[in-house]
Amino acid sequence: MALRKKLCESSNFNGKLMYTFSRYFSSNKMDLRKLKPMIQKRIQDRAKDYPVPGMIPVAQEVFNSQRLIMQGVSTLLKVLPVMACKFCPEVYIGEKGHLIQTCCGFKHRDKNRVHEWITGGLNDVLAPVEAFHRKHMFKDVIKHHQRFDFERVPAVVKLCWQAGANDENQYSNWNPESDCFSVDGAESLPSDELLMIASGTLRAWEILRNGVEKLLMVYPAKVCNHCSEVHIGPSGHKARLSWQGTHFWRKANVDDLMPPKIVWRRRLQDPQVLLNEGRGFYGHAPAVVELCTQAGAVAPLKYHCLMKLQGVATLGNQSLYHPKDQM
């Protein structure tokens, strides 16, 4: 009898507890229904806070720097050779490529193979990253069936437009080729003029990356965790462009909008063709930085560690560095 009484009491307690929880969750559900119009109105009103007046000069500077970089790189590519792998995204600033076995093959079917080099171009140095362009940032999410209704523009340009750079109506039909023109007769330019172009391009590269970092602190931008798709806005889009179908969005950073494209670099103490045996000793640099330094520009101090300027030289598997050299 005592056991039956305890079981009845516990069942009554559990029933009261479940009833209380059900009332709690149902009341919260009703509260959310009432709050939904208020939340939507707040999202719409948030658009009134943009563009931020203090960030307009930054956006304009980034926009102008982006054009200077494309023009400068286009000019330097007429003078300096750039090689690109036929089967992977690897790039090398030089005439013959390198022999470092880092190629993954077509569709990643191979591993650690020698690259097959072809002549590279602008898109190999400046990896194109595009985003959907719509006039207002806080609008309905782009659906999959609407993916052809919106123009695709460079992500950095879209971010600058969103931040108030220039008049967006002037660029309703974006033409990237208009920014890719180079200096006429670049092949016959004297070294001092080439140095001036390289230094200006490198300076614009630093201004652009610093400016984009500042803009991303104010304006939302998303990147897919499974692919390189970028969206300038607070909530991404629903166009199924990812290899897994639906995108998995996370906050974007500078490298997502402007990939640095790290390349191997040959130093004065290295062999004419970089060998696979010395890959642990060679330096690296962003492709734009390496292109400008080969034209005579001085790399910023923050890249020196990555470039291994004072590193030891190698010949095959044998290092040319000896302790006696320090005596």
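**Close-up views of a predicted model**

View 1. The model shown here is predicted. Helix 4 spans residues 155-162, and eight of its eight residues are buried, so the rest of the structure largely encloses it. The buried set reads Ala155, Val156, Val157, Lys158, Leu159, Cys160, Trp161 and Gln162. Just after helix 4 comes Gly164, with a positive phi of about 100 degrees.

**View 2. Helix 2 against helix 5.** Helix 2 (residues 56-76) packs with helix 5 at an angle of about 145 degrees. The two axes lie 8 Å apart. The crossing of helix 2 and helix 5 is left-handed. On the helix 2 side, the contact is made by Val58, Ala59, Glu61, Val62, Ser65, Gln66, Leu68, Ile69, Gly72, Val73, Thr75 and Leu76. Helix 5 contributes Leu194, Ile197, Ala198, Thr201, Ala204, Trp205, Ile207, Leu208, Gly211, Val212, Lys214 and Leu215. By class, this contact holds 16 nonpolar, six polar and two charged residues. An α-helix has 3.6 residues a turn, so residues three or four places apart point the same way.

**View 3. Helix 5 against helix 7.** Helix 5 (residues 191-216) also packs with helix 7 (residues 287-294), here at an angle of about 160 degrees. Their axes are 9 Å apart. Angles over 145 degrees count as roughly antiparallel, and helix 5 and helix 7 are therefore roughly antiparallel to each other. Their crossing is left-handed. Ala198, Thr201, Leu202 and Trp205 of helix 5 meet Val288, Val289 and Cys292 of helix 7. These residues divide into six nonpolar, one polar and no charged.

**View 4. Ala295, beyond helix 7.** Ala295 sits in the loop between helix 7 and helix 8 (304-307). Ala295 counts as buried because its relative accessible area is 12%, and the cut-off is under 20%. Leaving out residues up to four places away in sequence, Ala295 touches Leu76, Leu80, Leu194, Leu195 and Ala198. One of these, Leu194, is 101 residues from Ala295 in sequence but 6.6 Å from it in space, C-alpha to C-alpha.

**View 5. Leu241 in a loop.** Leu241 lies between strand 7 and strand 8 (249-251), in the loop. Leu241 is partly exposed, with a relative accessible area of 40%. Beyond residues up to four places away in sequence, Leu241 touches Phe132, Arg147, Arg152, Glu229 and His247. Leu241 and Ser228 are 13 residues apart in sequence and 10.0 Å apart in space, C-alpha to C-alpha.

**View 6. Whole chain and confidence.** The protein has eight helices and twelve strands. Of its 327 residues, 39% are buried. Among contacts with a separation of 6 or more, 68% join residues 24 or more positions apart. The average pLDDT is 80, and 75% of the residues score at least 70. Residues 23-27 have pLDDT below 50 and, beyond near neighbours in sequence, zero contacts in the model. Residues 316-327 also fall below 50, yet this stretch has 15 contacts beyond near neighbours in sequence.

Note on methods
Residues are numbered from 1 along each chain as its sequence is written. This is a predicted model: local features need pLDDT of at least 70, side-chain atom pairs count only at pLDDT 80 or more; totals for chains, interfaces and linings use all residues. Side-chain values use heavy atoms; hydrogens and water are left out. Axes are lines fitted to C-alpha atoms, for helices over the stretch in contact, and angles run from 0 to 180 degrees between N-to-C directions. Helices (H or I, at least four residues) and strands (E, at least two) are DSSP runs, numbered from the N terminus. Angles under 35 degrees count as roughly parallel, over 145 as roughly antiparallel, 65 to 115 as roughly perpendicular and the rest as oblique. A crossing is left-handed if the near helix is turned anticlockwise from the far one by less than a right angle, and right-handed if clockwise. Contact means heavy atoms within 4.5 Å. Ala, Val, Leu, Ile, Met, Phe, Trp, Tyr, Cys and Pro count as nonpolar, Asp, Glu, Lys and Arg as charged, and the others, Gly among them, as polar. pLDDT is the predictor's confidence in each residue, from 0 to 100. Buried means under 20% relative accessible area, exposed over 50%, partly exposed in between (1.4 Å probe, protein chains only).
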